[in-house]
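Dear colleague,

I am passing on the structure below, together with some notes on what was found in it. Please read the notes with the structure open beside you.

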Amino acid sequence: MTVEELRNRHVALLRDRRVVDHLDPPRDHTARRAGGGSGGGSGGGDPTGGGRYHTWTRVASEPLPGRLARLAEVRLRPAPYRQAHLLDRQRTLDALQPEVLHLAHAAGTPLTTPVLAGVFPTGTLDALSVPVPGHGVLVLVDTSALDLLDAVLTIMTATSPAYGTPPLLTEDQATYALAEAVNAHLYGNGAVRARPLPEPTGQRLALAALMARRATQFVLAHEVAHVLAGHLVHARRVTDPDTPVGPLDALSVGWPREHDADRLAADLLFHTLDDFGPRGLDVHEPCLVAAVLLVLFLHEVTDRLADELGLAVPFAGNHPPAVRRVQSLVEHLSGRVRTPRALDLAADVATWLEDRLGGVRHWFRQVADLIG
Ligand SMILES: [Zn+2]
């Protein structure tokens, strides 16, 4: 019953911080959907800033003032949290969590402490471990981190010719979509997500879904690694006043242990490759490496943008700078990978992101000019 107790604590925390009252599925699904669609206007109750893109050609196709207004809206009018959004993200975590616990078991290091990953607007791409004495550890995973990962992977696979030709988005469309995703993360308090893109198909869908799953598993596995390695016993409690929901406590274990947790988490995930033959490894190993490093690339990019924009990143000092984490993990992985091109996809992903940052900054500057 301890995991149930952790689940209760998670919901109590969401309620205390006035995020949502509960995470129960709506009883009358159809009525709820109809109500959600008609209420709240463009920004009000809808975390997507109004609707979704139904076709790829519609992405970023509104006139410039409309596109700028949508970015500005997130900054000017904080959107309320929506239960359906949080429930959707919680379901993602509920689906992935058993896989990570299974990996720990398969690696010969079964977890004896109950752990539950719960979605929460923490404002940091790192999950936060909150010990619940007598019951286990509640791992709080940022709502918008999951949204950002999904959006970036969809945009990337839709744009880069490596995943299919012709690309589904032009460079300009991709840059705006990326600006929307990062804007929602930096300014949306975990309540706002970028307007959803159409669902990709075929190879693109398979790759985006696989990498999103792996990346989220890495976030969870990093926290599981802290528990497995006994790091939390030595932790120091720190409070950050600047999270989306006010002051929040987290455990700080020190930078060397953070690097350890990154390495241990990657090792856990690498066990999923054990059953592949050489051809399977050729596909899956680069994917895994890229997904794991994508989390840290996004960390680096959003930290840098937040710094440029004068925004606080909650619990920023708890982990080593993302660049150092990438370096340390790449060194570790280099000695572990089994295929010659295992790191290439990750390098492509990093370059793809870096190449679009200038365009994202350009959108942010225009918004700043607009709202003064
Ligand atoms: Zn950590």
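Helix α8 (residues 255–270) has 16 residues, which at 1.5 Å a residue should span 22 Å, and because its end C-alpha atoms are 23 Å apart, the two values agree. The expected span here is 1.5 Å times one less than the number of residues in the helix; helices (H or I, at least four residues) and strands (E, at least two) are DSSP runs, numbered from the N terminus. Please bear in mind that this is a predicted model, in which local features need pLDDT of at least 70 and side-chain atom pairs count only at pLDDT 80 or more, while totals for chains, interfaces and linings use all residues. Residues are numbered from 1 along each chain as its sequence is written.

In α8, the residues E258, A261, D262, L264, A265, A266, L268 and L269 are buried, where buried means that 20 or more other C-beta atoms, placed from the backbone, lie within 10 Å of the residue's own. The cover over these buried residues of α8 includes α4, α7, α9 (278–309) and α10 (322–334); contact means C-beta atoms, placed from the backbone, within 7 Å.

Turning to the sheet, three strands form an open arrangement in the order β1-β3-β2, with mixed pairing, a pair being two strands between which DSSP finds at least two bridges. Since β1 (115–120) and β2 (128–132) stand at the edges with a single partner strand each, one side of each is left without a neighbour in the sheet. The twist averages 30 degrees from one strand to the next, with axes fitted as lines to C-alpha atoms, for helices over the stretch in contact, and angles running from 0 to 180 degrees between N-to-C directions. Strands β2 and β3 (residues 136–142) run antiparallel and are joined by 5 bridges, with L128 partnered by L140 and P131 opposite V137. Their hairpin has 3 residues between the strands, and G134 in it takes a positive phi near 85 degrees.

Helix α7 (residues 202–228) lies across β1, β2 and β3, running at about 150 degrees to β3.

Best wishes

Terms used
Two residues are in contact if their C-beta atoms, placed from the backbone, lie within 7 Å. A residue is buried if 20 or more other C-beta atoms lie within 10 Å of its own, exposed if 12 or fewer, and partly exposed in between; C-beta atoms are placed from the backbone.
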